[in-house]
Amino acid sequence: MSTAAAAKTPSYAATPLMRRAAVLGAGSMGSRIAAHLANAGIPVLLLDIIPPGDNDPKARSSIASGAIAALLKAKPASFYDAASARLITPGNFEDDLAGLKDCDWIIEAVTEDLAIKQALLAKIIPHLAPGSIITTNTSGLPVASIAANSPPDFRKRWFGTHFFNPPRYMRLLEIIPTAEADPAAVSSIAAFADRRLGKSIVYARDTPNFIANRIGVFSMLTAVRLMQEQNLTIEDVDALTGSVIGWPRTGTFRLADMVGIDVVAHVARNFAESRGSDTSAVRLAPFIETMLERRWLGDKTGQGFYKKDPQAKDPKSSRLALDWQTLEYRMAGRPKFPSVEMAKNAESLPERLRLVLDGDVKKDKAAAFLLPLLTGIWNYAADCLPEIADSAASIDRAMRTGFNWELGPFEMWDAAGVAETTARLRTAGQHVSAQAGALLAAGKTAWYEETAEGCCVFDPETGYKPIKQPEGVASAATFRRANKVVRKNPGCSLIDIGEDIALLELHSKKNAIGDDIVSLITQTLNPASEYVRNFRGFVISGESSDFSVGANLMQLLLGIQEGDWDEVALAVRAFQRMTASIKFCPRPVVAAPFNLCLGGGTEISLHAARRQPYAELYMGLVETGVGLVPGGGGTKEMALHAIDAARASSGIDDAAAPVRFALCADLQDALRQRFETIAMAKVSTSAAEARALDLLAPADQITLNRERLLLDAREAAIYLAETGYAAPAPRTVAVPGEAALPTLKLGIHLMRQAEYISDHDVTVATHVARILCGGALTPGSLVTEQYLLDLERESFLSLCGERKTQERIAHTLQTGRPLRN
């Protein structure tokens, strides 16, 4: 098989049996790979060297043990649940190689030195099971050369699996098949990494730095070169290479500090060494070489392009930036560019790109920098295309999932206009890639095109070819293209996603829940609606960056400021009717939350028949942060959860012995836990933690691959429909009332005495306690769900009238952060 053929996408195999894995090398990358395997429930053997000069028999595996300890303290967290650390067993390369015989997948992740890697392979080969697969996490060394001295049978089981750091959060996995690699082994690991590790799989060719690092480091070093040519500052470049062009908010230099300037330099030098004289595009600037000599490597050493001023009293003014000309630090500036500020008001990235690139490069600093930067990247990606990947779509996917770009280079080029930008380059006598020339010569003006076969990408040799998706991967856009939209409004759409299941897709700005979403969900899920008759189940989800930031606070604040209290009350009632329609719909409703799922978004999820969350889930009832209580049924649902938990743990039937139940310690404890979740506005750091906060049920299955979430949720809805789903009936429950309320109030009082909370926090928390306990009633009083909803609404409206609450809402809308007053 040729190298080019080896890089073609093998067909996906069934997910292989993965009983145990091993990671060789317990450094920052290797240990985090081990942690993510543990996140998937896979036992892992983590091996490293014996510490030099350490004769203590108990410390022979201390490098691996220390790495596990560091993982438990890491921020952001490496584990979904800290308990997963128990799945990692530490060891060393002298005493524990025999354990490799039980491992199905062994990942080499030692230092980037060819001789060291080859010596390690020779050492482990006698201990491998016949069917095991061995891969390397090298970030740029030729994969085939690492195993060049290994037996032929070993080379069949050997290829590259390049993770990006940190593996839990960075979705990209570059798979680099060699000419000798068994396609079945390659596809089995691809299937496992896709389904169990949540990875976005991109097949790369065995060329220097593969795909993402090749393009990413070129982008960074081009930004450095333009900064020097145009006499810009480090802060200028970061302001220009952040969200305005769809890149991470960190910008170029802050990202380099986080990754490690030595890592960036290693990738650049690795490419330069492999290319001989062809190094101009990736040559390190002299000032960066000096930083490396001084060990100014970024966050890991405490200083790089930025550092914190230890003398600063105000955290906002504690950041110092490097002056690249003098190599001295000074107070970091906050540069503003008029065209960039104007572009930020655009609704979409394509609009922003056109606005910033259309500027006069002789007058507009932003355009003068961004036009050569972006067109340089686009042309470089096109020039590299035949060498590094099988299609432009693979490069775009790699940059989206490996560097968190909103659009890949070819998608960005389409957004800016291929014909328009190449015309400007040619007029200026600048380079235009032959690949782009072939596109235009074919009479086409975009790398991507929608056809009857779906989305296609241009191939200079064959024209447009369909972009194949693995089975089980689909998006709302897939069904929109097939004209499956049943009804829609500006905030929400009802889409037929097949198998008699419909998607309620949220698509307002940040998926904030306003009148549009409330009305369409309520009307659709009405038991008498034609949609309930025609579909056997529903999914609620979306395709923006987050599931929902919660209720539309701007609409609420406007109603408060105008004194239209009847409208505000109606809006709260309407929200409660919407969540009730989800809970009591005759057809199963599955919520598929992902990333941020706050406030009202959590209330939607709590009322669903089932939840199918994405593993990266930041979920919480955060309304107390703006001086309110969850008013869409969230507090009521948590009260019901507490009652159910107490019934299960105490064994007391609240219907048969309501007073005894209301007085039991189990109920008091269950209420306290859920009170803390709401009053402290706790937000999970993963779906696993959301389950611990009682925001997900034990039966809710977790999806690790974001791209599989929609169809996984559809399968959950089908399962419920086919197993005789029946909607729950409204409940009547025994509440503790005055048996529990004083205890919660005492806790609030003690928090205030210790000055952990403000007077207004006391007011808000007291309302939460009142709702959870069912009000100041006699213990064992029976109340309905509607009664608890009425308490919620009364508290919500009362708090809306508080000046402190209005200040908090306004501050949150302005800054994106809650105010403690």
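Start by selecting β6 and strand β7 (residues 172–176): the two run antiparallel and are joined by four bridges. Strands here are DSSP E runs of at least two residues, and helices are H or I runs of at least four, numbered from the N terminus; two strands pair if DSSP finds at least two bridges between them. Bear in mind that this is a predicted model, where local features need pLDDT of at least 70, side-chain atom pairs count only at pLDDT 80 or more, and totals for chains, interfaces and linings use all residues. Residues are numbered from 1 along each chain as its sequence is written, and side-chain values use heavy atoms, with hydrogens and water left out.

Now zoom in on F163, which stands opposite L173 in β7.

Which residues cover the two faces of β6? W158, G160 and H162 lie on one side, F159, T161 and F163 on the other, and all are buried (under 20% relative accessible area with a 1.4 Å probe, protein chains only; exposed is over 50%, partly exposed in between).

Then jump to β16 (residues 492–496) and β17 (residues 501–506), an antiparallel pair with five bridges. Click L494: its bridge partner in β17 is L504.

Last stop: select helix α23 (residues 553–561) and find L558 in it. Is L558 buried or partly exposed? L558 counts as partly exposed because its relative accessibility is 41%.
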